[in-house]
Amino acid sequence: MAPGSTIISTASIQGYQPSPDLLDHATTKAGILALTKGLGEGLAEKGIRVNAVAPGPIWTPLIPATMPAEKVERSAGMCRGKPLA
């Protein structure tokens with residue numbers, strides 16, 4: 001990659017604040033964050049930036065599959081990507 005290039009990875013808030021019910025997801029996202037930090041340090045001298053974005057909840061099938069129905073209903077309005085009724 002040429003100097004001035006950028007690498008952007010997709011992490012998750014779970015990488016910083018893991019939920020007990022999402023440990024597999026949180027673990028992989030924490031790994032992506034560690035990779036991003038290490039890669040950023042290693043490529044900085046070559047003028048290549050490395051960053052991660054870590055969005056909060058996005059409404060996917062994972063949301064209702066990992067929590068009780070009453071919590072899903074309370075969370076629905078706070079998640080991006082789910083049409084509001």
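Q: Does Thr36 count as buried or exposed?
A: The model is predicted: local features need pLDDT of at least 70 and side-chain atom pairs count only at pLDDT 80 or more, whereas totals for chains, interfaces and linings use all residues. Residues are numbered from 1 along each chain as its sequence is written, and side-chain values use heavy atoms, with hydrogens and water left out. Buried means under 20% relative accessible area, exposed over 50%, and partly exposed in between, with a 1.4 Å probe and protein chains only. Because the relative accessibility of Thr36 is 8%, this residue counts as buried.

Q: In which helix is the place of Thr36?
A: Helices (H or I, at least four residues) and strands (E, at least two) are DSSP runs, numbered from the N terminus. Residues 23-43 form the helix that holds Thr36, namely α1.

Q: Which backbone oxygen lies 2.7 Å from a polar atom of the side chain of Thr36?
A: A polar contact is a pair of N or O atoms within 3.5 Å; within protein, one must be able to donate a hydrogen and the other to accept it, and residues adjacent in sequence count only if both atoms are side-chain atoms. For the side chain of Thr36, the backbone oxygen at 2.7 Å is that of Ile32.

Q: With which residues is Thr36 in contact, leaving aside neighbours within four places in sequence?
A: Contact means heavy atoms within 4.5 Å. With those sequence neighbours left aside, the contacts of Thr36 are Ser9, Val50, Asn51 and Ala52.

Q: Against which strands do the buried residues of α1 pack?
A: The buried residues of α1 are Ala26, Lys29, Leu33, Thr36, Gly40 and Leu43. Seen down the axis of α1, they fall within an arc of 135° (taken from the directions from the helix axis to the C-beta atoms), so they line one face of the helix. On the other side of α1, Asp24, Thr27, Ala34, Leu35 and Glu41 are exposed. The buried residues of α1 pack against β1 and β2 (49-53).

Q: What span does α1 reach from its first C-alpha to its last?
A: The expected span of a helix is 1.5 Å times one less than its number of residues. With 21 residues, α1 is close to the expected value, and it reaches 30 Å.

Q: Which backbone nitrogen does the side chain of Gln14 reach?
A: Gln14 lies in the loop between β1 (6-10) and α1. Since its relative accessible area is 10%, Gln14 is buried. Not counting residues up to four places away in sequence, Gln14 touches Ser19, Leu22, His25 and Ala26. At 2.7 Å, the backbone nitrogen that the side chain of Gln14 reaches is that of Ser19.

Q: What distance separates the C-alpha atoms of Asp24 and Gln14?
A: Asp24 has its place in helix α1 and counts as exposed because its relative accessibility is 60%. The residues Asp24 and Gln14 are 10 apart along the chain, and their C-alpha atoms are separated by 9.9 Å.

Q: What pattern does the protein follow along the sequence?
A: The protein has three helices and two strands. Read along the sequence, these elements follow the pattern β-α-β-α-α.
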